[in-house]
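Thanks for coming. I will go through one model today, starting with charged pairs and then moving to the packing.

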Amino acid sequence: MKRNFIKKEQNINNWEDIESYFKNLQERKITSEEELLKWWKDRSETESFIEEDMAWRYIKMSCDTENKKLEESFTFFVSEIEPKVSEYSDILDNKLMASDFTADLEKKGYF
């Protein structure tokens with residue numbers, strides 16, 4: 001899948017690698033329905049990127065159960081990255097619901 005928001009070469013080695021994407025989504029001004037849709041697509045891309053990274057860590061760890069580095073990589077993600085993603089997820093959910101343009105999307109079948 002072609003990325004439009006997340007840099008092509010982006011990796012997740014620590015929280016700081018992805019925090020700016022969440023801050024962008026949190027702080028972005030939404031002044032139209034089109035901007036809300038763009039924001040939503042960027043959020044979806046961010047969440048998909050992170051979920052895929054976690055899934056690959058789990059797959060690699062499950063395929064090579066003797067490799068402690070793979071286990072540590074997955075454990076790091078679950079204990080250090082996922083909790084911070086969850087915090088931002090709540091913030092972004094609230095931003096979506098507070099947007100003046102959410103009701104317009106609801107009428108068009110988005111919800």
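**Salt bridges, core and surface**

Arg-28 and Asp-42 are joined by a salt bridge between their side chains, at 2.9 Å from N to O. The two residues are 14 apart and link distant parts of the chain, with Arg-28 in the loop between α1 and α2 and Asp-42 in helix α2. Keep in mind that this is a predicted model. Asp-42 counts as buried because its relative accessibility is 3%, the cut-off being under 20%.

How many salt bridges does the structure hold? There are seven. Another one pairs Arg-43 with Glu-47, where the closest N and O atoms are 2.8 Å apart. Both of these residues sit in helix α2, four residues apart, or about one turn of the helix. Arg-43 is buried at 6% relative accessibility, whereas Glu-47, at 23%, is partly exposed.

In helix α3, Lys-68 and Glu-71 are three residues apart, again about one turn of the helix. Their side chains form a salt bridge of 3.2 Å, N to O. Glu-71 has a relative accessible area of 33% and is partly exposed. Going back to the pair I began with, Arg-28 and Asp-42 belong to one network with Lys-38, joined by salt bridges that share partners.

Now the packing. Which residues of the largest nonpolar core touch the most other members? They are Ile-18, Phe-22 and Ile-50, in a core of 20 residues. Helices α1, α2 and α3 each contribute at least two residues to this core, and α3 gives the largest share, six residues.

Together with Trp-15, Phe-22 and Tyr-88 make up one aromatic cluster.

Next, the surface. Trp-56, Tyr-58 and Ile-59 make a nonpolar patch of about 330 Å². Trp-56 lies in helix α2 (residues 33-63) and is partly exposed, at 46% relative accessibility.

Is Thr-102 buried or exposed? With 4% relative accessibility, Thr-102 is buried. Its side chain reaches the backbone oxygen of Leu-96 at 2.4 Å.

Notes:
Residues are numbered from 1 along each chain as its sequence is written. This is a predicted model: local features need pLDDT of at least 70, side-chain atom pairs count only at pLDDT 80 or more; totals for chains, interfaces and linings use all residues. Side-chain values use heavy atoms; hydrogens and water are left out. Rings of Phe, Tyr and Trp (its six-membered ring) pair if their centres lie within 6.5 Å; planes under 30 degrees apart count as stacked, over 60 as edge-to-face and the rest as tilted. Patches are made of residues with over 30% relative accessible area and no salt bridge: like charges are joined within 9 Å, nonpolar side chains (Val, Leu, Ile, Met, Phe, Trp, Tyr) within 5 Å. Accessible areas come from the Shrake-Rupley method with a 1.4 Å probe; for residues, only the protein chains shown count as cover. A salt bridge is a side-chain nitrogen of Lys or Arg within 4 Å of a carboxyl oxygen of Asp or Glu. Buried means under 20% relative accessible area, exposed over 50%, partly exposed in between (1.4 Å probe, protein chains only). A polar contact is a pair of N or O atoms within 3.5 Å; within protein, one must be able to donate a hydrogen and the other to accept it, and residues adjacent in sequence count only if both atoms are side-chain atoms. A nonpolar core is a set of buried Ala, Val, Leu, Ile, Met, Phe, Trp, Tyr and Cys residues joined through side-chain atoms within 4.5 Å.
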